[in-house]
Amino acid sequence: MSASGGTRAIIAALVANAGIAVAKFVGFLVTGSSSMLAEAVHSVADTANQGLLLIGGKRAARAATPEHPFGYGRDRYFYSFIVALMLFTLGSVFAIYEGIHKIEHPEPLTSPLVAVIILVVAIALESYSFRTAVHESRPLKGTGSWWQFIRQAKVPELPVVLLEDTGALIGLVFALAGVGLSVLTGEPVWDGIGTLCIGVLLGVIAIILIVEMKSLLIGEGATSPVLSTIVRKLEEGEHVERVIHIKTQYLGPEEMLVAAKIALTPGLPVEAVARTIDEAEARVREAVPDARVIYLEPDLDRSRVAS
């Protein structure tokens with residue numbers, strides 16, 4: 001569900017951003033608005049970003065090899081990290097530079113009505129993309145807040161698209177305000193201020209994405225509720241006394257590695273040990289489908305033996 005949902009959200013964002021980018025560039029050529037130019041570059045970056053997310057998803061689906069025995073699931077994290085870097089460099093840095101330049105050397109706008117019309121249409125298209133991302137993310141979000149979803153989600157594409165679309169909508173409002181205030185006051189410097197606000201906004205969003213994707217690339221473990229479920233399922237076995245210690249790590253958005261040492265009842269024959277481990281793995285996989293790679297080490301509860 002998460003993979004297909006992410007793909008639908010990405011395609012919706014790609015189509016919307018490609019059309020918006022063309023319209024914004026036309027608007028910039030007609031009006032000379034720096035806000036429009038910053039938004040056009042932003043849309044180009046977003047369009048390229050959606051393409052990178054699709055490439056990452058395709059490359060992550062490759063089969064495991066002897067060189068990469070756990071597969072290529074983290075390719076999705078890598079390409080999402082590249083998306084964050086592009087959003088910062090191509091979107092934020094350019095907009096900040098252009099905004100400062102326009103504030104220092106303001107130029108009057110021509111045909112501002114064209115810019116307003118294009119921005120209003122762009123808001124409608126971005127709203128469609130944003131609505132799609134929200135719809136596909138809601139089943140994964142559960143009862144938590146949207147901020148918790150962005151911080152804790154292991155599927156990178158949906159948080160990326162959500163943040164990009166949020167930034168795009170707010171950026172369009174900044175651009176519309178900049179153009180509108182320039183027309184109402186006769187001061188083109190407002191267009192530069194709007195552009196600068198867009199750059200700062202994109203920078204904040206890019207930094208959030210960089211931090212989150214870096215964490216996923218390094219390797220995140222299961223959240224506390226999921227970890228508690230895994231431990232509970234391991235300890236439900238007839239001959240399992242307790243989990244001595246456990247470590248988890250996501251190998252990809254839908255693949256988790258579980259390694260645990262479990263204390264078994266002393267004196268079990270080899271066949272019973274093997275059966276107990278198999279049953280424990282089956283219980284965990286049923287409760288947590290993402291736990292696809294499980295390594296269990298049987299041991300004795302030394303503290304109990306010593307006492």
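User: Helix axes are lines fitted to C-alpha atoms over the stretch in contact, and angles run from 0 to 180 degrees between N-to-C directions. With that in hand, at what angle do the axes of helix α3 and α6 cross?
Analyst: The axes of helix α3 (residues 75–104) and α6 cross at roughly 15 degrees, and they come within 10 Å. Therefore α3 and α6 run roughly parallel to each other (under 35 degrees is roughly parallel, over 145 roughly antiparallel, 65 to 115 roughly perpendicular, the rest oblique).

User: Nice. Which residues of α3 and α6 meet there?
Analyst: On the α3 side you'll find R76, S80, V83 and L87, and these meet E157, V160 and E164 in α6 (contact is heavy atoms within 4.5 Å). Sorted by class, the residues of this α3 and α6 contact are 3 nonpolar, 1 polar and 3 charged. Nonpolar covers Ala, Val, Leu, Ile, Met, Phe, Trp, Tyr, Cys and Pro, charged covers Asp, Glu, Lys and Arg, and polar covers the others, Gly included.

User: Okay, new topic. Where does this model come from, and how are residues numbered?
Analyst: It is a predicted model, where local features need pLDDT of at least 70, side-chain atom pairs count only at pLDDT 80 or more, and totals for chains, interfaces and linings use all residues. Numbering starts from 1 along each chain as its sequence is written, and side-chain values use heavy atoms, leaving out hydrogens and water.

User: What is the mean pLDDT of the protein chain?
Analyst: The mean is 86, with 97% of the residues of the protein chain reaching 70 or more (pLDDT is the predictor's confidence per residue, from 0 to 100). Residues 1–5 have a pLDDT below 50, and in the model that stretch has 9 contacts beyond near neighbours in sequence.

User: How many helices and strands does the protein chain have?
Analyst: There are 10 helices and 3 strands in the protein chain (DSSP runs numbered from the N terminus: H or I of at least four residues, E of at least two). Along the sequence they follow α-α-α-α-α-α-α-α-β-β-α-β-α. The C-alpha trace spans about 90 × 35 × 35 Å along its principal axes.

User: Back to α3. How does it sit against helix α7?
Analyst: The axes of α3 and α7 (residues 189–218) come within 7 Å and cross at roughly 160 degrees, which means that α3 is roughly antiparallel to α7. The residues of this α3 and α7 contact are 25 nonpolar, 8 polar and 3 charged.

User: And how do α4 and α6 pack?
Analyst: Helix α4 (residues 112–141) packs with helix α6 (residues 157–185) at about 160 degrees, their axes 9 Å apart. That angle makes α4 roughly antiparallel to α6. Here the contact has 20 nonpolar, 4 polar and 3 charged residues.
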